[in-house]
Amino acid sequence: MSSRRAAVLVSVLIALVLALGACGSASSSGGVIVTGAWVRPAPAGGETAAYFTVSNPGSRDDVLVGVSTPDAQTAGLHKTSTDASGMTGMAHTDSITIPAGGSVELKAGGYHVMLTGVTKDLVVGGSIGLVLTFEQAGVVRTTAEVKGG
Ligand SMILES: [Cu+2]
């Protein structure tokens with residue numbers, strides 16, 4: 001083999017490795033898949049909300065029972081809802097069930113992760129870590145990108 005052909009072969013292998021490595025912003029453990037995690041900007045010490053989608057391709061329901069982060073003093077599951085008089089508020093929720101074969105999207109106006117006392121300025125382009133605990137899947141770690149909104 002000529003050295004030129006060898007060089008081409010090496011380039012192809014490197015491209016392949018990069019392509020395979022690039023498919024992973026999804027975080028998975030034992031059945032659930034967490035995708036699209038993001039968090040709203042906030043100044044250090046402030047509060048904000050984080051969102052993501054959890055898919056459960058498995059054959060039994062799983063339940064998100066806890067959330068934590070090294071990047072804020074507290075993290076908890078909240079649900080925003082609007083009552084009959086049109087007042088919008090949010091309340092702590094203990095758990096979010098992810099149905100077998102289904103998915104749940106945490107989004108504005110619904111479920112979210114409430115963070116208080118963030119330990120650094122969250123600016124667009126930055127990120128924080130989230131540690132999610134599921135009844136079945138156990139601990140799933142993901143990275144939430146700071147996005148405007
Ligand atoms: Cu909240």
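Of the 29 residues in the largest nonpolar core, Ala50, Phe52 and Val113 touch the most other members. A nonpolar core here is a set of buried Ala, Val, Leu, Ile, Met, Phe, Trp, Tyr and Cys residues joined through C-beta atoms within 7 Å. Two or more residues of this core come from each of E2, E3, strand E5 (72-82), E9, strand E10 (127-134) and strand E11 (138-146). E3 gives the largest share, 5 residues. Strands (E, at least two residues) are DSSP runs, numbered from the N terminus.

The model is predicted; local features need pLDDT of at least 70, side-chain atom pairs count only at pLDDT 80 or more, and totals for chains, interfaces and linings use all residues. Residues are numbered from 1 along each chain as its sequence is written. The protein chain has a mean pLDDT (the predictor's confidence in each residue, from 0 to 100) of 87. A pLDDT of 70 or more is reached by 79% of its residues. Over residues 16-24, pLDDT stays under 50. Where pLDDT is low, the predicted coordinates should not be read in detail.

Strand E3 spans residues 48-56. It is largely enclosed by the rest of the structure, because 7 of its 9 residues are buried. A residue is buried if 20 or more other C-beta atoms lie within 10 Å of its own, exposed if 12 or fewer, and partly exposed in between, with C-beta atoms placed from the backbone.

E3 pairs with E2 (residues 32-39) in the antiparallel sense over 5 bridges. Pairing requires at least two DSSP bridges between two strands. Valine 39 has alanine 50 of E3 as its bridge partner. E3 also runs antiparallel to E9 (residues 111-118), joined by 3 bridges. There, alanine 49 stands opposite methionine 114 of E9. A further 4 bridges join E3 to strand E8 (residues 102-105), again antiparallel. Asparagine 56 stands opposite glycine 102 of E8.

Phenylalanine 52 is in contact with Val34, Thr35, Gly36, Ala37, Leu106, Thr142 and Ala144, leaving aside neighbours within four places in sequence.

Valine 63 lies in strand E4 (residues 62-68). It counts as partly exposed because it has 17 C-beta neighbours inside 10 Å. Beyond four places in sequence, valine 63 is in contact with Ser95, Thr97, Ile98, Phe134 and Glu135. Valine 32 is 31 residues from valine 63 along the chain, and their C-alpha atoms are separated by 9.9 Å.

Note on methods:
Two residues are in contact if their C-beta atoms, placed from the backbone, lie within 7 Å.
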